[in-house]
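The sequence and the model come first, followed by notes grouped by topic.

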Amino acid sequence: MILPRTLRPVFGVLIAFLLALGVPVVATAAPENVRVVTYDASQAAEFRDAVDAGAQVWNDNVQNVRFEPASGGAADVVVLADDGWPRAEVIGLGQGRVWMGRQAVNEGHDTVRIAAHELGHILGLPDNRTGVCEDLMSGASAGPQCKNSKPNPEEIAEVERNFAEGVRIAPRLYREGVLALR
Ligand SMILES: [Zn+2]
């Protein structure tokens with residue numbers, strides 16, 4: 001904006017006045033400290049779409065971290081497929097490997113829920129065997145009829161806190177088959 005020289009001090013005072021009133025002068029954009037976690041689903045075989053959908057679930061529900069498909073180079077998260085139970089090997093917050101296990105899928109478990117659940121581990125969430133379908137981290141304990149892939153408010157808040165604070169999480173392997181045997 002070009003202002004006449006004589007008006008510039010007036011304009012400056014006006015901005016200062018608005019700021020003092022708490023009026024937002026500049027629109028607040030998305031948080032600048034959003035952490036991007038890249039994932040590579042190229043080895044996820046028939047589960048690629050489910051992995052994309054699971055990542056999108058998180059992107060739709062949290063602000064402080066965002067999943068993006070890796071575009072060359074090493075991804076933070078590598079997603080694989082095999083015939084066992086799904087599992088997640090967490091290396092650190094936002095880093096690790098996920099297996100989309102066909103055994104759970106063959107028993108009727110929802111592929112998008114599996115993907116979102118395993119990515120939840122990557123975001124620092126532990127298993128929580130409540131048997132409640134609304135809990136994403138209840139995993140297989142909610143039974144194969146549970147199709148919910150959305151995290152509950154507590155799970156969302158924990159992920160937001162993990163990334164806001166940059167918490168350190170210890171390396172750990174989460175095996176979903178153990179839950180199914182409870
Ligand atoms: Zn789990």
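Asp 40 has Val 78, in E3, as its bridge partner. E1 and E3 run parallel and are joined by three bridges; two strands count as paired if DSSP finds at least two bridges between them. The model is predicted: local features need pLDDT of at least 70, side-chain atom pairs count only at pLDDT 80 or more, and totals for chains, interfaces and linings use all residues. Residue numbers start from 1 along each chain as its sequence is written.

**Overall fold**

- The chain has six helices and six strands, where helices (H or I, at least four residues) and strands (E, at least two) are DSSP runs numbered from the N terminus.
- Along the sequence the pattern is α-β-α-β-β-β-β-α-α-α-β-α.
- Of the 182 residues in the chain, 37% are buried; a buried residue has 20 or more other C-beta atoms within 10 Å of its own, with C-beta atoms placed from the backbone.
- Of the contacts between residues at least 6 apart in sequence, 63% join residues at least 24 apart; a contact requires C-beta atoms, placed from the backbone, within 7 Å.

**Sheet**

- Six strands make up an open sheet with mixed pairing, in the order E2-E1-E3-E5-E4-E6.
- Strand E2 (65-69) and strand E6 (172-175) are at the edges with a single partner strand each, so one side of each has no neighbour in the sheet.
- On average, neighbouring strands of this sheet are turned by 20 degrees against each other, direction ignored.
- Strand E1 (residues 35-43) pairs with E2 in the parallel sense over five bridges, and Thr 38 has Glu 68 in E2 as its bridge partner.
- From E1 the chain crosses through helix H2 (residues 48-61) to E2 in a right-handed β-α-β crossover; right-handed means that, with the strands pointing away from the viewer, the path from the first strand over the helix to the second runs clockwise.
- Strand E4 (residues 87-92) and strand E5 (residues 95-101) run antiparallel and are joined by five bridges, with Val 90 opposite Gly 96 in E5.

- Beyond its neighbours within four places in sequence, Leu 119 is in contact with Gly 54, Ala 55, Trp 58, Phe 67 and Val 98.

Notes
Contact = placed C-beta atoms within 7 Å. Buried ≥ 20, exposed ≤ 12 C-beta atoms within 10 Å, placed from the backbone. Axes fitted to C-alpha atoms, helices over the stretch in contact; angles between N-to-C directions.
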